Amino acid sequence: MSQVKQIAKVVSQERLMTDVYSMWIDTAEIATQVKPGQFISVYTKDGAKLLPRPISICEVDKEAGTLRIVYRVVGAGTEEFAGYAAGYDISIMGPLGNGFPEIAPEKRAFLIGGGIGIPPMLELAKQLTCNKQMILGYRDQLFLNHEFEPYGDVFIATEDGSAGTKGNVLDAIREQGLKADVILACGPTPMLRAIKAYAMEQGMECYLSLEERMACGVGACLACICQSKDVDSHSHVHNKRICKDGPVFRAEEVEL
């Protein structure tokens with residue numbers, strides 16, 4: 001699989017909630033190669049900002065040659081992207097990272113997303129053929145939840161109790177008495193730490209997509225390392241590069 005850097009075109013953009021935007025991008029070279037869980041690097045037009053912004057791929061339409069990113073505005077770079085409209089040029093590189101593994105059709109899977117870790121789970125929900133239950137965790141405002149419904153049962157957890165279970169994704173799993181063989185999850189580190197502990201306690205296979213600030217996106221700069229059990233062949237220490245070795249890891253591979 002080759003990485004492509006190119007000037008692509010924005011097909012459409014809409015605001016899903018206060019600070020979360022959805023953008024479709026016309027890029028057949030990248031879209032036809034994407035696996036669920038991978039990401040693209042998006043470059044700003046500001047020459048003073050050399051490093052791109054890594055944004056997970058939410059959905060792909062391989063026939064149309066388009067991909068979708070759903071991202072939160074957190075700084076000047078993503079604020080710039082939020083101003084892009086249909087027809088705008090957008091500089092991107094991808095697909096990057098290793099993505100989620102395929103799961104055997106006879107297994108039952110939990111697909112767990114928290115906050116801005118929810119978008120990459122949508123393409124995974126579309127592609128997995130096994131029985132799956134989606135557990136989505138929010139602070140308060142919901143987004144994308146209805147888009148998961150064609151692919152299996154969807155369970156919601158909100159910190160403020162405004163929808164679904166009051167609490168976190170594990171509270172929702174326990175409240176609903178849900179059972180599965182494997183977990184695939186993406187979200188903030190505290191959530192992933194709790195999911196890893198739960199998976200170990202239950203003896204479940206578990207894959208985690210780590211949400212960390214990345215810089216180069218190709219494993220050269222070592223800005224996005226995480227603690228690992230094994231020695232990294234590049235840095236020769238107990239680290240893994242999230243952008244290159246991940247962002248998806250087996251839970252037992254990484255220390256959270």
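Tutor: Buried means under 20% relative accessible area, exposed means over 50%, and partly exposed lies in between (1.4 Å probe, protein chains only). Cys206 is buried here, because its relative accessible area is 1%.

Student: What should I know about the model before I go on?

Tutor: It is a predicted model: local features need pLDDT of at least 70 and side-chain atom pairs count only at pLDDT 80 or more, while totals for chains, interfaces and linings use all residues. Residues are numbered from 1 along each chain as its sequence is written, and side-chain values use heavy atoms, with hydrogens and water left out.

Student: Is Cys130 buried or exposed?

Tutor: Cys130 has 3% relative accessibility, so it counts as buried.

Student: How many helices and strands does the chain have?

Tutor: Both are DSSP runs numbered from the N terminus: helices are H or I with at least four residues, strands are E with at least two. This chain has seven helices and 16 strands. Let's visit two of the strands. Gln6 sits in strand β1, residues 4–17, and Arg108 belongs to strand β7, residues 108–114.

Student: Which residues does Gln6 touch?

Tutor: Contact means heavy atoms within 4.5 Å. Setting aside residues up to four places away in sequence, Gln6 touches Thr27, Glu29, Ile30, Ile90, Ser91 and Ile92. With Glu29, the side chain of Gln6 also makes a polar contact of 3.2 Å. That term means a pair of N or O atoms within 3.5 Å; within protein, one must be able to donate a hydrogen and the other to accept it, and residues adjacent in sequence count only if both atoms are side-chain atoms. Gln6 counts as buried, because its relative accessibility is 14%.

Student: And where does Arg108 stand, buried, exposed or partly exposed?

Tutor: Arg108 has a relative accessible area of 35%, so it is partly exposed. Beyond its neighbours within four places in sequence, Arg108 is in contact with Asn131, Lys179, Ala180, Asp181 and Val182.

Student: What share of the chain's contacts join residues at least 24 apart?

Tutor: Take the contacts between residues at least 6 apart in sequence: 61% of them join residues at least 24 apart.
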